[in-house]
Amino acid sequence: MAFQILLNVIIAVTWMFLSVSFKPTTFIVGYLLGLFMLFLLRKSFSSRFYLDQVWAVIKLIILFFKELTLSNISVLLLIIKPKMQIRPAIFAMPTVLEKDWEITLLSSLITLTPGTMVIAISDDNKTLYIHTLDLDDVDEAIDSIRDTFEKAILEVSRS
Amino acid sequence: MKTNDLIIQTTTKLVFFIIFLFSIHIFFAGHYTPGGGFVGGLLMSSAIVLLLLAFDLKTVKEMLPVNYTVVTAIGLLISIATAAGSIFFNVPFFTHVYDYFNIPLLGKTSIHTAMFFDTGVYLVVVGVTMTIIQMIGGDE
């Protein structure tokens, strides 16, 4: 990913030198040309074409805003009920993510969606302890996080 | 009982640079807009304090092997030298001058001697704040 972006920038700078104009527009044209060349040679790199990764990041952002809206509405419904029918609980969720930034991102996304909050991480970075506002079924809660955030983050970090 | 500090450490690695950049921006913005040496220095110290909170004292000392007493001394020297420079031109103490220079990358830039004085203030604030915090925080 980083190598491909660097290569793309070098191609763009080379294009600026070839066309002897050092304006931002020339850089953008060179960048687009470099993007096209990288797309043609995408099979020759050890990692995948980097626009896929950029697209995965955009998808993650969209997913986050969707989850944020839905969980906000569900927490609002819990609040305006006349009777407090909540079942707070803390459960452990094993995670398959390994890198520091992945775990941090997952924890932040879980915490930022109302109703769930990461309160601790185990010492071997394999289990997240999550406090939830209203728990029906532990496996269901774990699966919902797995299917949304963890999958999207894995999609981003897949090389 | 040592808790797992993974999240705060990963976030600190990112946020430190943002605070550092903001501190430099505030320092240079001080001439025409709010900001200047004092606020910039405090922001820089707050970035280092964030490192101290996320990691421990030993690790931060390895990352930034700086003696903050020396930083304070250098800052005071710069400020005094800027103020005393006016003696050589037969004008009152603390007289500032400014002029326009053509710097290769930045183009026409106004350089004012007050900026060097502010650099001294910046270094003194960083040095003093960090000395106080390390004196209180360090138990060796």
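**Pockets, a cavity and some packing**

Trainee: Which elements of chain A each supply at least two residues of the lining of the largest pocket?
Mentor: Helices α3 (50-80) and α5 of chain A do. Helices here are DSSP H or I runs of at least four residues and strands are E runs of at least two, numbered from the N terminus. This is a predicted model, where local features need pLDDT of at least 70, side-chain atom pairs need 80 or more, and totals for chains, interfaces and linings use all residues. Residues count from 1 along each chain, chains are lettered from A and ligands numbered from 1 as written, and side-chain values use heavy atoms, without hydrogens or water.

Trainee: How much space lies in that largest pocket?
Mentor: About 640 Å³. On a 1 Å grid over protein atoms alone, a pocket is an open set with protein on both sides within 12 Å along at least five of seven lines, a cavity is where a 1.4 Å probe fits but cannot get out, and lining residues have an atom within 4 Å of a point.

Trainee: And which residues lie nearest its centre?
Mentor: S71(A), S74(A), P114(A), T116(A) and S144(A), out of 23 lining residues. The lining splits into 10 nonpolar, 8 polar and 5 charged.

Trainee: What's the volume of the second largest pocket?
Mentor: About 360 Å³. Its lining has 17 residues, with F28(B), H31(B), S110(B), H112(B) and M115(B) nearest the centre. In chain B, α1, β2 (107-112) and α5 each supply at least two of the lining residues. By class, the lining has 10 nonpolar, 6 polar and 1 charged residues.

Trainee: Switching topic: how many cavities of 30 Å³ or more does the structure hold?
Mentor: It holds 1. L57(B), V60(B), K61(B), L64(B), V66(B), Y68(B) and Q134(B) line the largest cavity. The largest share of that lining, 3 residues, comes from helix α3 (residues 57-63) of chain B.

Trainee: Back to α1(B): which residues of α5(B) does it meet?
Mentor: F20(B), S23(B), F27(B) and F28(B) in α1(B) meet M115(B), D118(B), T119(B) and Y122(B) in α5(B), with contact meaning heavy atoms within 4.5 Å.

Trainee: How many bridges join β2(A) to β3 of chain A?
Mentor: There are 5, and the two strands run antiparallel. M117(A) stands opposite H131(A) in β3(A).

Note on methods:
Points joined across faces, edges and corners; volume = space filled by probe spheres on them. Pairing = 2+ DSSP bridges. Nonpolar A, V, L, I, M, F, W, Y, C, P; charged D, E, K, R; others polar.
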